[in-house]
Amino acid sequence: MAAINPYLTFNGNCEEAFNFYKSVFGGEFVYLGRFNEIPPGESEPGIPEAYQDKIMHISLPIGKHDILMGSDNHPAYGEVSFGQNINILISAETKEEADKLFIGLSEKGQITMPMADVFWGDYFGMVIDQFGVMWMVSFNKNA
């Protein structure tokens, strides 16, 4: 079966963001590759010296079946514009896990909807983390 994995692109602070996500979700990176690992001639346009240690690709398993992936944007393509066009929904297995994840993601972030029981039956909240990524945390006791 196909899987959907969120992929986040950053303006040079991908490693900081993913270390933060690792502190929230736990686990270990499945892959962490840097631009300086690209074989010569494999990257067009070339990578500036100051960007060599930035993240080319990183993968962090979250839960049983999902992987959060990301990279720093190739500097030749300009800055990434962050907007309100993506949310990442995390479905927790317990109310306690939902609270733990929400509190972790809220660190230095902005809570846009506190965790609460909502009309559709979930325990649900929304937060924009310190890196501008919008998260929805949910627990459904009937699932």
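The legends below describe close-up views of a predicted model.

**View 1. The open sheet E1-E4-E3-E2.** Four strands make up an open sheet, running in the order E1-E4-E3-E2 with mixed pairing. Strand E1 (7-10) and strand E2 (31-34) are the edge strands; each has a single partner strand, so one side of each lacks a neighbour in the sheet. On average, neighbouring strands of this sheet are turned by 15° against each other, direction ignored.

**View 2. Pairing of E2 with E3, and helix H1 on the sheet.** E2 pairs with strand E3 (residues 55-62) in the antiparallel sense, over 4 bridges. One of the residues to look for is Arg 34, whose bridge partner in E3 is Ile 55. Helix H1 (residues 14-25) packs on the sheet and touches E1, E2, E3 and strand E4 (66-72). The direction of H1 makes about 10° with that of E3.

**View 3. The largest nonpolar core.** This core has 30 residues, and those touching the most other members are Phe 10, Phe 18, Tyr 21, Phe 25, Leu 68, Leu 105 and Trp 135. At least two core residues come from each of E1, H1, E3, strand E5 (87-91), helix H2 (95-106), strand E7 (123-128) and strand E8 (134-139). H1 gives the largest share, 7 residues. In soluble globular proteins, nonpolar side chains tend to be buried together.

**View 4. Surroundings of Phe 10.** Neighbours within four places in sequence are left aside here. The contacts of Phe 10 include the aromatic residues Phe 18, Tyr 21, Tyr 51, Phe 82 and Phe 131. Phe 10 is also in contact with Ala 17, Val 80 and Val 133, and with Ser 71, Asp 72 and Asn 73.

**View 5. Strand E5 and its partner E8.** E5 pairs with E8 in the parallel sense, over 5 bridges. Leu 89 has Met 136 as its bridge partner in E8. The covered face of E5 carries Ile 88 and Ile 90, while Asn 87, Leu 89 and Ser 91 lie on the uncovered face.

**View 6. Helix H2 and its packing.** The 12 residues of H2 should span 16 Å at 1.5 Å a residue, and the end C-alpha atoms are 16 Å apart, which agrees. Buried in this helix are Ala 98, Leu 101, Phe 102, Gly 104, Leu 105 and Ser 106. These buried residues pack against H1, E5, strand E6 (110-117), E7 and E8. After H2 comes Lys 108, with a positive phi near 60°.

Definitions and conventions: Residues are numbered from 1 along each chain as its sequence is written. This is a predicted model: local features need pLDDT of at least 70, side-chain atom pairs count only at pLDDT 80 or more; totals for chains, interfaces and linings use all residues. Side-chain values use heavy atoms; hydrogens and water are left out. Two strands pair if DSSP finds at least two bridges between them. Axes are lines fitted to C-alpha atoms, for helices over the stretch in contact, and angles run from 0 to 180 degrees between N-to-C directions. Contact means heavy atoms within 4.5 Å. A nonpolar core is a set of buried Ala, Val, Leu, Ile, Met, Phe, Trp, Tyr and Cys residues joined through side-chain atoms within 4.5 Å. Buried means under 20% relative accessible area, exposed over 50%, partly exposed in between (1.4 Å probe, protein chains only). The expected span of a helix is 1.5 Å times one less than its number of residues.
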